Amino acid sequence: MSTTAGAFIAGGIAAVGAVTATHPFETVKIRMQLQGELQTKGHQPHHYRGPFHGVSVIVRNEGLRGIYRGIGCAYVYQVLLNGCRLGFYEPMRNGLATLLLRDGSKQNLGINMFCGASSGIIGAAAGSPFFLVKTRLQSFSPFLPVGTQHNYRNAIDGLSQIYRAEGFRGLYRGVGAAMIRTGFGSSVQLPTYFFAKRRLVRHFGMEEGAPLHLASSTVSGFVVCCFMHPPDTIMSRLYNQNGNLYKGVFDCLGKTIRTEGLFAIYKGFLPHLARILPHTILTLSLAEQTNKLIRKVEQRILPASMLGKA
């Protein structure tokens, strides 16, 4: 395997490639999560009715620029999140397995889920300010506004406005929800991917290569979406709020369910699935390829002693 730094770089490159393709569905998902916020049933607008309808509405009214709002922040966030998640997962898993099971190569579901969640939480905390601005940029629409509107010129303007108005603490508004959301997703993403991969090899005779990576990533993406969507909805609302509409994660969850019903926390599930399936497939499949590339580079420039420790 690559060194930790190499795996971080490989994970970041893979995530940037994936987010370029899936960002439009992320924009639709956020707007669907925010439309009808704290409005009772029957009084909620339905500007965006699904992933493809949402994309067509935004492109028709705002052009490609509208559907790709916040893409710069998304790149930075994905590099930090997936760099940490894919870069730290294996070293943490290997270390814990060595410590607890006396064999770093042994697989244990509990250890895998803990390391997946931990590496994801580290990444979510590191990238939270960028996800905050990304959410606000994506929710803004001069034509069909939903939720609180924040008119930032770009990512730098958004970060500076938040810092001037709320200080450093404002940049980390909603970080608790982000860590819960990413912990949920990360705890199942990599363990499910490697579990599916092992089962497909063992029971279906699949060999290492693109079809195996594609099938394993599809299974992983669906499971991640089911686990992660409710805290994702809460995170979007906490990030986008102005002032103190919600006091925290549980206050937001309670107000949302009481006002809009239980299924409100699954608003935007289909565009989330439409985003996360190809995103997971591309991220994990590209990560396999970029890891191979990084390993070749490391073999050329790093001494054998360092590679032996990796």
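**Surface patch**

Guide: Ile180, Phe184 and Phe227 make up a nonpolar surface patch, with about 270 Å² of accessible area together. Patch members have over 30% relative accessible area and no salt bridge; like charges are joined within 9 Å, and nonpolar side chains (Val, Leu, Ile, Met, Phe, Trp, Tyr) within 5 Å. Areas come from the Shrake-Rupley method with a 1.4 Å probe, and for residues only the protein chains shown count as cover.

Visitor: What are the ground rules for this model?

Guide: This is a predicted model: local features need pLDDT of at least 70, side-chain atom pairs count only at pLDDT 80 or more, and totals for chains, interfaces and linings use all residues. Residues are numbered from 1 along each chain as its sequence is written, and side-chain values use heavy atoms, with hydrogens and water left out.

Visitor: Is Phe184 buried, partly exposed or exposed?

Guide: Phe184 sits in helix α6 (residues 175-204). Helices (H or I, at least four residues) and strands (E, at least two) are DSSP runs, numbered from the N terminus. Buried means under 20% relative accessible area, exposed over 50%, partly exposed in between (1.4 Å probe, protein chains only). Phe184 has a relative accessible area of 40%, so Phe184 is partly exposed.

**Bent helices**

Visitor: At which residue does α5 bend?

Guide: The expected span is 1.5 Å times one less than the number of residues. A bend is the angle between axes fitted to the seven residues ending at a residue and the seven starting there. In α5 the bend is about 105 degrees, at Ala165.

Visitor: Which helix is among the cover of the buried residues of α5?

Guide: The buried residues of α5 are Asp157, Gly158, Leu159, Ile162, Gly170 and Leu171. What covers them includes α4 (109-139).

Visitor: Where in α7 is the kink?

Guide: Helix α7 (residues 210-240) spans only 38 Å between its end C-alpha atoms, while a straight helix of 31 residues would span 45 Å. The kink is about 50 degrees and comes shortly before the proline Pro230. Its place is Met228.

**Charged pairs**

Visitor: How many residues apart in sequence are the parts that Glu26 and Arg275 tie together?

Guide: A salt bridge is a side-chain nitrogen of Lys or Arg within 4 Å of a carboxyl oxygen of Asp or Glu. Glu26 and Arg275 form one, with the closest N and O atoms 2.8 Å apart. Glu26 lies in helix α1 and Arg275 in helix α9 (residues 269-301), so the pair ties together parts separated in sequence by 249 residues.

Visitor: Which residues are linked with Glu26 in a network of salt bridges?

Guide: Glu26 and Arg275 are both buried. A search of the whole structure finds 14 salt bridges. The network links Glu26 with Lys29, Lys134, Arg181, Asp232 and Arg275.

Visitor: Which residues are in contact with Thr27?

Guide: Thr27 lies in helix α1 (residues 4-34) and is buried, with a relative accessible area of 0%. Contact means heavy atoms within 4.5 Å. Leaving aside neighbours within four places in sequence, Thr27 contacts Ile58, Gly66, Ile67, Arg69 and Gln138.

Visitor: What does Glu62 touch?

Guide: Glu62 lies in helix α2 and is buried, with a relative accessible area of 14%. Not counting residues up to four places away in sequence, Glu62 touches Arg31, Arg69, Phe140, Ser141, Pro142 and Phe143.

Visitor: What is the phi of Arg102?

Guide: Most residues other than glycine have a negative phi. Arg102 is found in the loop between α3 (71-101) and α4 and is exposed, with a relative accessible area of 70%. Its phi is positive, near 65 degrees.
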